[in-house]
Amino acid sequence: MTTDKTETVLPRRSARTARTAAPAAARQLPPSLAGDRSLPYPAISRELAELRHEIPGVHGCVLGGVDGLLITHNLQNEVDPNDLAALAATTFGLGRQVGMRLGQGDFQQSTVRNQGGYLSVYAVSEQALLAVIGTDAVNVARLHLHAPGVAGRIAALLTRVPTEA
């Protein structure tokens, strides 16, 4: 067996040099809203239903915590709402890191397009996320026009509720 001596050896990535600034302190997450019986669930459900009915192709919505726990949902398909709440939190975490590393500020919204549909995640508050799942035919521009308003109204509903620490 002969060795090909024409291969190019790529340089290895060197270790990063120490930064002069101290790393940012870990952010303390607010208490979870999952299971909070004082939430205005009927009003939140109306907001989620309005979005689902307003935008053709939307299968449903999940209101989840930034901790990945389900608060409520109105999904109309076989997707597990607990899984979707966890995926929304994962999307939020990635988006938050991108915003921090690039100096672009707080997470606002992220959309993932797959072969058969979309998942859009919107920031509601420091504690909550709105995840919207739709078919490939959903009008994403229209969704991006309506969903932030829904997220804002849900945020207003959540701020009226005292949370337990």
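Q: What does the secondary structure of the protein come to, and which pattern does it follow along the sequence?
A: This is a predicted model in which local features need pLDDT of at least 70 and side-chain atom pairs count only at pLDDT 80 or more, while totals for chains, interfaces and linings use all residues. Residues are numbered from 1 along each chain as its sequence is written, and side-chain values use heavy atoms, with hydrogens and water left out. Helices (H or I, at least four residues) and strands (E, at least two) are DSSP runs numbered from the N terminus, and the protein has three helices and five strands. Read along the sequence, they give the pattern α-β-β-α-β-β-β-α.

Q: What share of the residues of the protein count as buried?
A: Buried means under 20% relative accessible area, exposed means over 50%, and partly exposed is in between, using a 1.4 Å probe and protein chains only. Counted that way over the 165 residues of the protein, the buried share is 35%.

Q: In what order do the strands of the open sheet lie?
A: Two strands pair if DSSP finds at least two bridges between them. The open sheet has five strands with antiparallel pairing, in the order S2-S1-S5-S4-S3. Its edge strands, each pairing on one side only, are S2 (70-73) and S3. From one strand to the next the twist averages 15°, and the order to remember is S2-S1-S5-S4-S3.

Q: How many bridges join S3 to S4?
A: S3 (residues 109-114) and S4 (residues 117-123) form a hairpin with two residues between them. They run antiparallel, and Ser110 has Val121 as its bridge partner in S4. The number of bridges joining S3 to S4 is six.

Q: Which residue in S5 stands opposite Ser120?
A: S4 and S5 (residues 128-135) pair in the antiparallel sense over seven bridges. They form a hairpin with four residues between them. Within S5, Tyr118 has Gly134 as its bridge partner, while the residue opposite Ser120 is Val132.

Q: Which residue in S5 is the bridge partner of Cys61?
A: S1 (residues 58-65) pairs with S5 in the antiparallel sense, over seven bridges. Along this pairing, Gly64 stands opposite Leu129. The partner of Cys61 in S5 is Val132.

Q: Why is S5 largely enclosed by the rest of the structure?
A: A look at burial answers this one. S4 is largely enclosed by the rest of the structure because six of its seven residues are buried. S5 is likewise largely enclosed, because the number of its eight residues that are buried is seven.

Q: At what angle do the axes of H1 and H3 cross?
A: Axes are lines fitted to C-alpha atoms, for helices over the stretch in contact, and angles run from 0 to 180 degrees between N-to-C directions. The axes of H1 (residues 41-54) and H3 (residues 140-159) come within 10 Å. Angles under 35 degrees count as roughly parallel, over 145 as roughly antiparallel, 65 to 115 as roughly perpendicular and the rest as oblique, so H1 is roughly antiparallel to H3. The crossing angle is roughly 175°.

Q: Which residues does Glu47 touch, not counting residues up to four places away in sequence?
A: Glu47 lies in H1 and is buried, with a relative accessible area of 13%. Contact means heavy atoms within 4.5 Å. On that basis Glu47 touches Val150, Arg153, Ile154 and Leu157.

Q: Which elements do the buried residues of H1 pack against?
A: The buried residues of H1 are Ala43, Ile44, Glu47, Leu48, Leu51 and Arg52. They pack against S1, S2, S5 and H3.

Q: How far apart are the C-alpha atoms of Ile71 and Asn82?
A: Ile71 has its place in S2 and is buried, with a relative accessible area of 9%. Leaving aside neighbours within four places in sequence, its contacts include Leu33, Tyr41, Leu63 and Ala128. Ile71 and Asn82 are 11 residues apart along the chain, and their C-alpha atoms are separated by 9.0 Å.
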